[in-house]
Amino acid sequence: MKVVFIFIDGFGLGREEVQINPLYSANIPNIRKMMAEYIVIPTDTTLGVEGLPQSATGQTAILTGINAPQVLGRHLHGQPTITLKKLLYKHSLFKILKEMNVKVTNANVYREQYLQQINNPKSRKLRPSASTVACMAAGITFRTVEDLKHGRGIYHDIINKILIESGYEVSLIEPESAAQILFNISQEYDFTFFEYFMTDIIGHKQEREKSEEVLEILDRFLGKLDKIIDYTNTLLVITSDHGNIEDLSVKTHTFNKVPTIVHGKCAEIFVEGITSLVDISPAIIRVFSLALTDYERRIF
């Protein structure tokens, strides 16, 4: 049993209005196909708390199964506070899976400077995201630019453009090549995580062409991955923490529900009871628990 979990930041379900929603103007045939043919659950991101959904609390909710905005009494943008970090260190999905003897990895590549900064208690310049803290809680080894050069990781923009613009001597790659790398990584692990947050960054800028560009990169990446995944033994899960890019008429996040896209092995088991972000982590744990029970039953 394998799970490939792709987190897309700021990717909501908006109205079918070409003028404000690039999901209806961009060339994204693969995403549209998946939305039409796979299980898609409109997933609540507000979690019963007033105010616009935000990244720190939304991502913590996804990665712990705990209602983080309710714990804080508000939605929180950016990186997690001490309170949220405590939730992540105690309830990290990655940590729980590892305790179940599930082989877990994060396919994202991190720059060395970033890793040095987040491990420096005196540094306030760079703070780790919720997913990074969840990995730290589980003791997961972070992939570096050196891993990327050897085809063992993917940068968060998929194609390495940001690394090149930052002065790194790496090659620009096609989204399809990045998808093949993610697939190769997933063959070595039971649970593989990848985070794409260009959708949120560009959504805030309200730039139609840039929004369509990042969506089309994502579409090519997902399309290739969809073609090569063996769904007889793999579950693909795609979700987000809040809406944003689906409504370029506002600079902020939105109240829109996000799509949780599910396909493959145990999909019907995974989707039972999914209504909000807090249901994602427990569903993944449930799938692995059932898979491990079935394996033990067959062995013994």
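A salt bridge is taken here as a side-chain nitrogen of Lys or Arg within 4 Å of a carboxyl oxygen of Asp or Glu. The views below show a predicted model.

**View 1. A salt bridge between E176 and R220 joins two helices.** The side chains of E176 and R220 meet with an N to O distance of 2.9 Å, which falls within the 4 Å cut-off and therefore counts as a salt bridge. E176 belongs to helix 10 (residues 175–186) and R220 to helix 12 (residues 208–228), so that the pair, 44 residues apart, links distant parts of the chain. E176 is partly exposed, with a relative accessible area of 28%, and R220 is also partly exposed, at 35%.

**View 2. Further salt bridges, including one inside helix 12.** The structure holds seven salt bridges. Within helix 12, R208 and E212 are four residues apart and thus separated by about one helical turn, and their side chains meet at 3.5 Å, N to O. R208 is partly exposed, with a relative accessible area of 27%, whereas E212, at 17%, counts as buried. In another pair, the closest N and O atoms of R15 and E17 are 2.6 Å apart; here R15 is exposed, at 52%, and E17 is partly exposed, at 33%. K33, E37 and D226 are linked in a network of salt bridges.

**View 3. The largest nonpolar core and the surroundings of F270.** Of the 44 residues in this core, those that touch the most other members are F5, F94, L97, F191, F270 and I284. Helix 14 (residues 280–299) provides the largest share of the core, six residues. Leaving aside residues up to four places away in sequence, F270 touches L235, V237, T260, V262, I280, A283, I284, R286 and V287. A second, separate core comprises 37 residues, among them F11, I28, I217 and L225.

View 4. A search of the whole structure finds one cavity of 30 Å³ or more, and the space in the largest cavity is about 40 Å³. Its lining consists of F7, Q59, I62, L63, S131, F193 and E195, which divide by class into four nonpolar, two polar and one charged. Helix 2 gives the most to this lining, with three residues.

**View 5. The largest pocket, with helix 11 in its lining.** About 770 Å³ of space lies in this pocket, which is lined by 27 residues, with Q79, Y114, S129, H156 and F197 lying nearest its centre. Helix 11 gives the most to the lining, with three residues, and the lining as a whole has eight nonpolar, 14 polar and five charged residues.

How values were computed
Residues are numbered from 1 along each chain as its sequence is written. This is a predicted model: local features need pLDDT of at least 70, side-chain atom pairs count only at pLDDT 80 or more; totals for chains, interfaces and linings use all residues. Side-chain values use heavy atoms; hydrogens and water are left out. A nonpolar core is a set of buried Ala, Val, Leu, Ile, Met, Phe, Trp, Tyr and Cys residues joined through side-chain atoms within 4.5 Å. Buried means under 20% relative accessible area, exposed over 50%, partly exposed in between (1.4 Å probe, protein chains only). Contact means heavy atoms within 4.5 Å. On a 1 Å grid over the protein atoms alone, a cavity is a set of points where a 1.4 Å probe fits but cannot get out, and a pocket is an open set with protein on both sides within 12 Å along at least five of seven lines; lining residues have an atom within 4 Å of a point. Grid points are joined across faces, edges and corners, and a volume is the space filled by probe spheres set on the points. Ala, Val, Leu, Ile, Met, Phe, Trp, Tyr, Cys and Pro count as nonpolar, Asp, Glu, Lys and Arg as charged, and the others, Gly among them, as polar.
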